[in-house]
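Open the model in your viewer and keep the selection tool at hand. This tour goes stop by stop.

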Amino acid sequence: MGIPSDDPRVVPVAFCSTTSTERVTPVLADSYGRVATDLRVSLTDRCNLRCTYCMPPEGLEWLPKPELLTDDELLRLIDIGVTRLGITEVRFTGGEPLLRRGLPAIVAGTAALRPRPHTALTTNGIGLARMAPALAEAGLDRVNVSLDTLRPDVFETLARRRRFDDVVEGMAAAAEAGLTPVKVNAVLMRGVNDGEAADLLRYCIEHGYELRFIEQMPLDAQHGWRRDDMVTADEILARLETAFDLAEADPGTRGSAPAELFRVLGHTFPDGREATVGVIGSVTRPFCGTCDRVRLTADGQIRNCLFAREESDLRTPLREGATDAEIAERWTAAVARKFPGHGIDDPGFLQPARPMSAIGG
């Protein structure tokens, strides 16, 4: 089902051809000139941790299974995104994506598409030690692993689970399996782990992991986020500079990447590359103007932003027999309505109803 051509929501849509199919493929463009090529696919809203900045100790009410996309439905939508809409990177997220039983088959199906998209996975690392070889064999290219502390006791305080060793073992197994570069995501919490910035960077450099610090975002299920409590990008850099000499990487190479990248002078990774560290200032240093991401939730909703309060339903037409072309048209129209920014600094900003675990990073 389309929308009228004179509807003000419609913007000119660029086209590109895919030589593998000889088809003309519409590109996911919005009215601000941005093109979505990076698809974040949430495979489940469930998680086996209870991180304080994400959900309450008792967890959340999970989505009923009938509302979740099946493996075949997920692969069909990914196929449409890649072969018709110009998606070039697919990142699997959650909740915790390793909890999705069909994950290796979903990865394999995605990697088999032509043109082949780059594939990645964002995980808390629990179970990764066991699954890394199978995921690499299925065609996964690399992983992002969340690790906020090097202290098992602090890990338990933050995650409310005693699983620190599992995460560390999972990162090592991912590197061994060739899921590289292994990127580590860390959120600093004031008064909890904000003194560990330099230690985390030192640890990641020694092990060849690429560290990314992320400002805490207003996506917790409790809606308890307060800007004053957040450790800002400026504070993170100040903490790092007490132990390291940093130099901003060439800003011309950043492109649409969310992280500001810094060279760690005088330090190299084990393979000889110059060590780097990234800072993702989603709140204080927003990068909305170059955003190339679009999100598909586990229940088949398209979201243009982590902080969006509106979604576009693809599950219903999918299950009602819509053709690939009709679904692609709905998807294109949804992205065309993308807002210019997340609006966190707007006095009227409201957190999205869904928490991070139900959106996917």
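Is R160 buried, partly exposed or exposed? With a relative accessible area of 28%, R160 is partly exposed. The cut-offs are under 20% relative accessible area for buried, over 50% for exposed and in between for partly exposed, with a 1.4 Å probe and protein chains only.

Before moving on, note that this is a predicted model, where local features need pLDDT of at least 70, side-chain atom pairs count only at pLDDT 80 or more, and totals for chains, interfaces and linings use all residues. Residues are numbered from 1 along each chain as its sequence is written, and side-chain values use heavy atoms, leaving out hydrogens and water.

**The whole chain**

Show the chain as a cartoon. It has 10 helices and 16 strands. These are DSSP runs numbered from the N terminus: H or I of at least four residues for helices, E of at least two for strands. Of the 361 residues, 54% are buried. Contact means heavy atoms within 4.5 Å. Among the contacts with a separation of 6 or more, 72% are between residues 24 or more positions apart.

**Backbone stops**

Stay on R160. Its place is the loop between helix 4 (152-159) and helix 5. Phi of R160 is near 60 degrees, a positive value in a residue other than glycine. Most residues other than glycine have a negative phi, and most peptide bonds are trans.

Now select G94 and G95. A cis peptide bond joins them, with omega about 10 degrees. G95 sits in the loop between strand 6 (89-93) and helix 2 (103-111).

Go on to R114 and P115. Their peptide bond is also cis, and omega is near 5 degrees. Look for P115 in the loop between helix 2 and strand 7 (118-123).

**Helix 3 and helix 5**

Select residues 128-138 for helix 3 and residues 164-176 for helix 5. Their axes come within 8 Å and cross at roughly 20 degrees. Axes are lines fitted to C-alpha atoms, for helices over the stretch in contact, and angles run from 0 to 180 degrees between N-to-C directions. Helix 3 is therefore roughly parallel to helix 5. Angles under 35 degrees count as roughly parallel, over 145 as roughly antiparallel, 65 to 115 as roughly perpendicular and the rest as oblique.

Show the side chains at the contact. Helix 3 brings L128, A129 and A132, and helix 5 brings E169, G170, M171, A173 and A174. By class, that is 6 nonpolar, 1 polar and 1 charged residues. Nonpolar covers Ala, Val, Leu, Ile, Met, Phe, Trp, Tyr, Cys and Pro; charged covers Asp, Glu, Lys and Arg; the others, Gly among them, are polar.

**Helix 1 and helix 9**

Next, select residues 71-83 (helix 1) and residues 324-336 (helix 9). They pack at an angle of about 70 degrees, with axes 10 Å apart. The two helices are therefore roughly perpendicular. R76, L77, I80 and G81 of helix 1 meet D324, I327, A328 and W331 of helix 9.

**Aromatic pairs**

How many aromatic pairs are there? The count is 2. Rings of Phe, Tyr and Trp (its six-membered ring) pair if their centres lie within 6.5 Å; planes under 30 degrees apart are stacked, over 60 edge-to-face and the rest tilted.

Select F155 and F164. This pair is edge-to-face, 6.0 Å centre to centre, with 70 degrees between the planes. F155 is buried at 6% relative accessibility, and F164 is buried at 12%.

Finish at Y203 and Y209. Their ring centres are 6.4 Å apart and their planes at 55 degrees, so the pair is tilted. Both Y203 and Y209 are buried.
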